[in-house]
Amino acid sequence: MMVSVIVPVYNVENYLAKCLDSLVNQTLQDIEIIVVDDGSKDRSGLIIEEYAKNFSDKIKSFSKENGGLSDARNFGIERASGAYIGFVDSDDYVTETMFEEMLHLAEKHQAKMVICNIQKVDQDGKVTQKLTQIPNMSEKIELEDHFSVFSDLSYFACNKLFKKELFDRKRFKKGVHFEDIQLIPQLLLECSVLAQTQNFHYQYLERTDSITKTHTEKGLDILKAVKDVEAAFEKSGYSHKRKELKNFQIFEGVYSFLAYLAFVKDSGIFYKMDAELAVFMDERKIKIRDILNYNRFGKNYLLSLPMKKKIFYLLFFAGQKKLIRRLL
């Protein structure tokens, strides 16, 4: 088996069939689809049973008690027999050629990680946003020469193909939010070559029926994830790339954290998290000018943001907390 695709499932009865259809119809034949029902309480389990029966040559189905996304992914990794592993969220779907092309690139360039572009789609399949992952770089990326991708890359798990050996000593961290930010950069540090396609293979569904997530102190897991990556960075072969580490700290530890903090409604939690960020920045000697001047793919990141986000960040850096609360 060449590719194992792991699909964690939890209460997605309205979307699961489209996800599984996109996987059983992959042009790559040497593929297994590991579907992990993580304690669903709707009809997801019945849908999985039907697909496992009709596509017994491709689908391996499992059911377990609810343990969260990381636990379900790790469960699938333990049971994967493929030389490469991919992850697809059960309310999303992919193009039919995704895994054939990504496997081809992995073997062509001897890359342990392959990346494709993402596009957001609505429930009618209309594209609402295109998310190009690594613009202006070649199909094959030598990390030693182009290590800026470490700080510029969006660390989603589900638009990537991984050599299975990357998971020999690492797993998704259980019981935390932002598990992708915590693990995927650590896996990248184990690579010398990345490969990419500019095709928008991964279709990220913007659901209209999803319950708005409550933004709580769990956002502090972003800072904890960055700290875990820092520890792995110091032990890696790229530990001399200090500029890229600082840019990673700015992008994930400051900008991503602030993007979450912007939706925290409880004032007490807001100011507590603000204080934690101040400590994070002080310990790493990150100055406001470093943040304002941060460039991503050669462009000033702040200037490229939508106006409302731009105003939020500028007010935050200016210390105008009362105006920020009014803006929110």
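Predicted model: local features only at pLDDT ≥ 70, side-chain atom pairs only at ≥ 80, totals over all residues.
Residues are numbered from 1 along each chain as its sequence is written, and side-chain values use heavy atoms, leaving out hydrogens and water.

**View 1. A salt bridge joins Lys64 and Asp38.** Their side chains meet at 2.7 Å, N to O. Lys64 sits in strand β3 (residues 59–64) and Asp38 in strand β2 (residues 31–38), so the pair ties together parts 26 residues apart in sequence. Strands are DSSP runs (E, at least two residues) and helices are DSSP runs (H or I, at least four), numbered from the N terminus. Both Lys64 and Asp38 are buried (buried means under 20% relative accessible area, exposed over 50%, partly exposed in between, with a 1.4 Å probe and protein chains only).

**View 2. Lys173 pairs with Asp228 in a salt bridge.** Here the closest N and O atoms are 2.9 Å apart. Lys173 lies in the loop between β10 (160–163) and α6 (179–188), and Asp228 in helix α7 (residues 221–235), so the pair ties together parts 55 residues apart in sequence. Lys173 is partly exposed at 35%, and Asp228 is partly exposed at 24%.

**View 3. Glu234 and Arg242 form a salt bridge.** Their N to O distance is 2.9 Å. Glu234 is partly exposed, at 42% relative accessibility.

Key:
Salt bridge = Lys/Arg side-chain N within 4 Å of Asp/Glu carboxyl O.
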